[in-house]
Amino acid sequence: MSGNTSGNIRLLSDTLARAKSEDRAALIAYLPAGFPTVDGGIEAIRAVLDGGADIVEVGLPHSDPVLDGPVIQTADDIALRGGVRIADVMRTVREAHTATGKPVLVMTYWNPIDRYGVERFTAELAEAGGAGCILPDLPVQESETWREHAAKHGLATVFVVAPSSRDARLAEITAAGSGFVYAASLMGVTGTRESVGTQARDLVRRTRATAAGRGGLPVCVGLGVSDAEQAAEVAGFADGVIVGSAFVKRLLDAGDHTAGVEAVRALAGELAEGVRKR
């Protein structure tokens, strides 16, 4: 790997800025690599991007995805049983980006990167055309090595904040992160739909307040959004709407792979309309 390989953080930032200039939220889709197979996963991710997603997160399947619900855990299990490796994740990123020209991130827990080697991982991700990483379990105060390598290779470091995050912590995260801030709100777990909507809105407001000094890092919400109506609601207060389980569920529920690919393409189209109706 050449040390000057540069990833696509700029493309990610430009994509979010363009959505904002169109007075809408960006649609960010999530699907794990290797699900249902490596090739099948690449096909599904391309369909989601072609269908209307602006950005995609490729999940690196993990045996203990503590922050993911049963739907994504099921998909991860299928991918892991199929023998998915980090090389397959990199290939997925490369093929999705090359085919669509859109920004592709990797969402992963820290342990696989730590084992693989930070320098190797960042160099390979940049070389594959990746835009960066979402690191849900990497504490900001332990992230300096990762951030140095990510910055060197032109990759975004996206941290996750939650309604429980205090303002001082939000300030620390927005100062250290790049690309955007991932605001996670646990829909259906911490109370009713209305109160969680309020929680997410409040979290975005508080995160934006701390991010303002940094030129306003965009705040994107992963909220268990599964249809166009919910996408429009979240798009009313967030810079991006992140949808994962709904895409995974369409693939799991489809009678066969071809039907699954068409189902995720159609869902991307519906959600893309939703984020434009805020």
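This is a predicted model: local features need pLDDT of at least 70, side-chain atom pairs count only at pLDDT 80 or more; totals for chains, interfaces and linings use all residues.
Asp68 counts as buried, because its relative accessibility is 17% and the limit for a buried residue is under 20%. When neighbours within four places in sequence are left aside, Asp68 is in contact with Gln73 and Tyr109. The unreviewed UniProt entry lists Asp68 together with Glu57 under "active site". From this set, Asp68 is taken in by the lining of the largest cavity.

Glu57, the other residue listed by UniProt, has its place in strand 2 (residues 55–59). With a relative accessible area of 1%, Glu57 is likewise buried. Residues up to four places away in sequence not being counted, Glu57 touches Ile28, Ala29, Tyr30, Leu31, Leu105, Met107, Ile134, Tyr182 and Ile242.

Leu16 is found in helix 1 (residues 9–21) and is buried, its relative accessible area being 6%.

A search of the whole structure finds 16 salt bridges. One of them is formed by Arg24 and Asp54, whose closest N and O atoms are 2.9 Å apart. This pair links distant parts of the chain, with Arg24 in the loop between helix 1 and strand 1 (26–32) and Asp54 in the loop between helix 2 (38–51) and strand 2, 30 residues apart. Arg24 and Asp54 are both buried.

A further salt bridge joins Asp167 to Arg206, with 2.6 Å between the closest N and O atoms. Because Asp167 lies in helix 8 and Arg206 in helix 9 (residues 193–211), the pair ties together parts that are 39 residues apart in sequence. The two partners fall into separate accessibility classes: Asp167 is partly exposed, with a relative accessible area of 44%, whereas Arg206 counts as buried at 13% relative accessibility.

An α-helix has 3.6 residues a turn, so residues three or four places apart point the same way. Glu172 is partly exposed, with a relative accessible area of 37%, and Arg169 also counts as partly exposed, at 33% relative accessibility. Salt bridges that share partners join Asp167, Asp202, Arg205 and Arg206 into one network.

The buried residues of helix 8 complete the description of this element. In helix 8 (residues 167–176), Leu170, Ile173, Thr174 and Ala176 are buried. These residues lie on the same side of helix 8, because they cover an arc of only 165 degrees around the axis.

Notes: Residues are numbered from 1 along each chain as its sequence is written. Side-chain values use heavy atoms; hydrogens and water are left out. UniProt positions are given in the numbering used here, feature names are shortened, and annotations may be inferred rather than shown by experiment. On a 1 Å grid over the protein atoms alone, a cavity is a set of points where a 1.4 Å probe fits but cannot get out, and a pocket is an open set with protein on both sides within 12 Å along at least five of seven lines; lining residues have an atom within 4 Å of a point. Helices (H or I, at least four residues) and strands (E, at least two) are DSSP runs, numbered from the N terminus. Buried means under 20% relative accessible area, exposed over 50%, partly exposed in between (1.4 Å probe, protein chains only). Contact means heavy atoms within 4.5 Å. The arc is that of the directions from the helix axis to the C-beta atoms. A salt bridge is a side-chain nitrogen of Lys or Arg within 4 Å of a carboxyl oxygen of Asp or Glu.
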